[in-house]
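This report concerns one protein model and follows a strand residue, the sheet around it and the aromatic side chains. Please view the sequence and the structure together.

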Amino acid sequence: MKTVILCGGRGTRLREFTAAIPKVLVEVGGKPILWHIMKSYAVHGFSDFVLALGYKGQQVEERMRDESDQSWSVTYADTGLDTNTGERLGRLRSHVEGTEPFFATYGDGVSDIDLASLRDFHCGHGRAATITVVRPELQFGLVEVGDENVVSSFQEKPQLDGWINGGFFVFDQRVYDYLSVGSVLERGPLEALARDSQLMAYRHEGFWACMDTYKDNERLNAAWAEGDAPWRSWGEDGD
């Protein structure tokens, strides 16, 4: 089963790093975050990767040729410099044809998600697509204010009540009916799949984090250094 990883974005909110390197090569614990994502899939038995390259794609290929495990199969596909996510996925059709279904994810999110369970969930419902939904911690604390402005409680960074896109997808070939030139995956294609009742949600209650900002990178590096990295499902020696 193939895994598509979208690696082509500019990562402008991480410009402290991304002026020089692509976002997926920003390091956590001395390794590119892309390596962490690929290790998470490989440890579940999914080690056939298609990397959708764009911004500074040559750097990604050069670095990951050094970092990739010998047991991994990695295809490097140039999908354009400023291509949107939906079109980027669309340009990979020839790489995933005949493989049904296939995983897809972004190059900046880590999780302790059970990927085999996600695959089984998708294969069991028969729809074209599955989106993993998560409930992250809020960035700020919540203050409960009662009558006459009396503070009744304070919650430090509670978990979000609703669900958001966690970025771990499973698609079958029908998804290509929804992709077009210029499409943004998270807008038109997913919205249309939902309207057609072809999109199912896999609820993940465990750990999830997205490295979107410098602060996010610091937080992930601190967790790794402290030995508190829930996404690390492989051994200390990297196996």
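Residue L6 belongs to strand β1, which covers residues 2-6; helices (H or I, at least four residues) and strands (E, at least two) are DSSP runs numbered from the N terminus. The model is a predicted one, in which local features need pLDDT of at least 70 and side-chain atom pairs count only at pLDDT 80 or more, while totals for chains, interfaces and linings use all residues. Residues are numbered from 1 along each chain as its sequence is written, and side-chain values use heavy atoms, with hydrogens and water left out.

L6 has a relative accessible area of 12% and is therefore buried (buried means under 20% relative accessible area, exposed over 50%, partly exposed in between, with a 1.4 Å probe and protein chains only). Leaving aside residues up to four places away in sequence, L6 touches A52, T85, R88, L89, T105, Y106 and G107, contact meaning heavy atoms within 4.5 Å.

Strand β1 is part of an open sheet of seven strands with mixed pairing, ordered β5-β4-β1-β6-β11-β8-β12; two strands pair if DSSP finds at least two bridges between them. β5 (73-78) and β12 (199-204) stand at the edges with a single partner strand each, so one side of each has no neighbour in the sheet. Strand β4 (residues 48-53) runs parallel to β5 and is joined to it by six bridges, with D48 opposite S73.

The structure holds 14 aromatic pairs. Rings of Phe, Tyr and Trp (its six-membered ring) pair if their centres lie within 6.5 Å; planes under 30 degrees apart count as stacked, over 60 as edge-to-face and the rest as tilted. Two edge-to-face pairs are listed below.

| Pair | Centre distance | Plane angle |
|---|---|---|
| W35 and W234 | 5.6 Å | 85° |
| F49 and W72 | 5.6 Å | 65° |

W35 lies in helix α2 (residues 33-43) and W234 in the segment after α8 (214-225), so their pair ties together parts 199 residues apart in sequence. W35 is buried at 10% relative accessibility, and W234 is buried at 7%. F49 is buried, with a relative accessible area of 0%, and W72 is buried at 10%.

W35 and W234 also belong to one aromatic cluster with F207, W224 and W231.
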